[in-house]
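User: I would like to learn how to read a few structural features, one at a time, with the general idea given before the particular case. Could we begin once the structure is in view?

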Amino acid sequence: MHIDPLLRALAEPTRLRIMRLLAHMELAVGELALVLDQSQPRVSRHIRILCDAGLAERRREGSWVFLRSAIHESREHNRDTGSLGPATARLLAAAEVEDSGFSTRCAEDRRQLAAIRSAREASAEAYFARHASEWDTLRALHGADEPVEQALCAALTPAGSAKNSVKNEEGALGALLDVGTGTGRIAQLLAPRARRVTGLDKSPDMLRLARARLQELPSDKLELVQGDFTDLPFAAASFDTVTFHQVLHFAQQPATVLGEAARVLRADGRIAVVDLAAHEREDLRETHAHARLGFTDDQMRDLLETAGFAPELPVALPGDPLTVKIWTATRLPDAPAPEHSADADDNRKVIPR
């Protein structure tokens, strides 16, 4: 990183606003254009300057381009930026605190971004409500269920266990949280191997279907909770295993979702993410409310490591045309716990049996 292009890149108000937005999350170029109320070609020119200066990085996903910050306040998280990266990040953070005009502008940008994402999330919720009764059929778009479910069970089998022994597997998953439980299929599949199962979903329609599917489980072994995967309504270190089955591609901010999963997992707890490998099926954005066109192994490894996990080797299940991946990881015991909303537990809504 060199000082001259860095200072030139920062010598423009719009680019300063972009850097403060990127300090909080990865953003699509189209989102930036909406927040900044500028044309996409103009925003793309600003992005090129920031990337050329080493301040930001692009990532293409189908026809969308995502942008993320290449600098962080902590030097250990910077890549090839030397000491200028964290110093620049601290300068921009201090500027937002001490410059009242800049602070107001940044706060308004974040409010505008929140409104845009809320509208998209409302659209996704409406989609889930419309299709709840046919969800298992729609899930067949991801390929046959049986091979994926078998591979998930194998991936969650503790090392040294006899895979075909029910006795050895009983309770091995401990307290299990199935995030985005939908119709409850994964909770049903893994319940015999868990001490207790909690299914969480934001859609009441989905939870009603899950309750019907899981009604034979004893009441002391199952809990269904309505909640948001970006702000899980559970205390830290509440679970031994967390699963996401074809859920993470609906997340506007996958890093936030996995950070919450890490928070509610106990040290050495396991996570399993079943999702699509990176693809270019643009129609899934509009037709099925996908926020992400799958994930590459590098993306998922970075997301898991940032959240405080030690990733394991992924499992691939090739399909036609989409490939399903299973990423597993272990919660590092010394990883810092992500922050959590103080009133999240007040928003917890348990769905009665």
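Analyst: Helices (H or I, at least four residues) and strands (E, at least two) are DSSP runs, numbered from the N terminus. This is a predicted model, in which local features need pLDDT of at least 70 and side-chain atom pairs count only at pLDDT 80 or more, while totals for chains, interfaces and linings use all residues. Residues are numbered from 1 along each chain as its sequence is written, and side-chain values use heavy atoms, with hydrogens and water left out. Read in this way, the secondary structure of the chain comes to 14 helices and twelve strands, and Val35 lies in helix α3.

User: Is Val35 buried or exposed, and how is that decided?

Analyst: Buried means under 20% relative accessible area, exposed means over 50%, and partly exposed is what lies in between, with a 1.4 Å probe and protein chains only. Val35 counts as buried because its relative accessibility is 7%. Its helix, α3 (residues 29-36), is mostly covered, with six of its eight residues buried, namely Val29, Glu31, Leu32, Ala33, Val35 and Leu36. Just after α3, Asp37 takes a positive phi of about 55°. For the chain as a whole, 50% of the 353 residues count as buried.

User: Which residues is Val35 in contact with, leaving aside its neighbours within four places in sequence?

Analyst: Contact means heavy atoms within 4.5 Å. With those neighbours left aside, Val35 is in contact with Arg17, Leu21, Asp109, Gln112, Leu113 and Ile116. Among contacts in the chain between residues at least 6 apart in sequence, 66% join residues at least 24 apart.

User: How many aromatic pairs does a search of the whole structure find?

Analyst: Rings of Phe, Tyr and Trp (its six-membered ring) pair if their centres lie within 6.5 Å; planes under 30 degrees apart count as stacked, over 60 as edge-to-face and the rest as tilted. The search finds two aromatic pairs. In one, the rings of Phe234 and Phe239 have centres 5.1 Å apart and planes at 90°, so the pair is edge-to-face. Phe234 is buried, with a relative accessible area of 5%, and Phe239 is buried, also with 5%. The rings of Phe295 and Trp327 have centres 6.5 Å apart and planes at 90°, so this pair is edge-to-face. It links distant parts of the chain, 32 residues apart, with Phe295 in the loop between α13 (283-287) and α14 (297-307) and Trp327 in strand β11 (residues 324-331). Both Phe295 and Trp327 are buried.

User: How do the axes of α1 and α5 cross?

Analyst: Axes are lines fitted to C-alpha atoms, for helices over the stretch in contact, and angles run from 0 to 180 degrees between N-to-C directions. The axes of helix α1 (residues 3-10) and helix α5 (residues 84-98) come within 12 Å and cross at roughly 20°. That makes α1 roughly parallel to α5, because angles under 35 degrees count as roughly parallel, over 145 as roughly antiparallel, 65 to 115 as roughly perpendicular and the rest as oblique. The contact is made by Ile3, Leu6 and Leu10 of α1 and by Leu84, Thr88 and Leu92 of α5.
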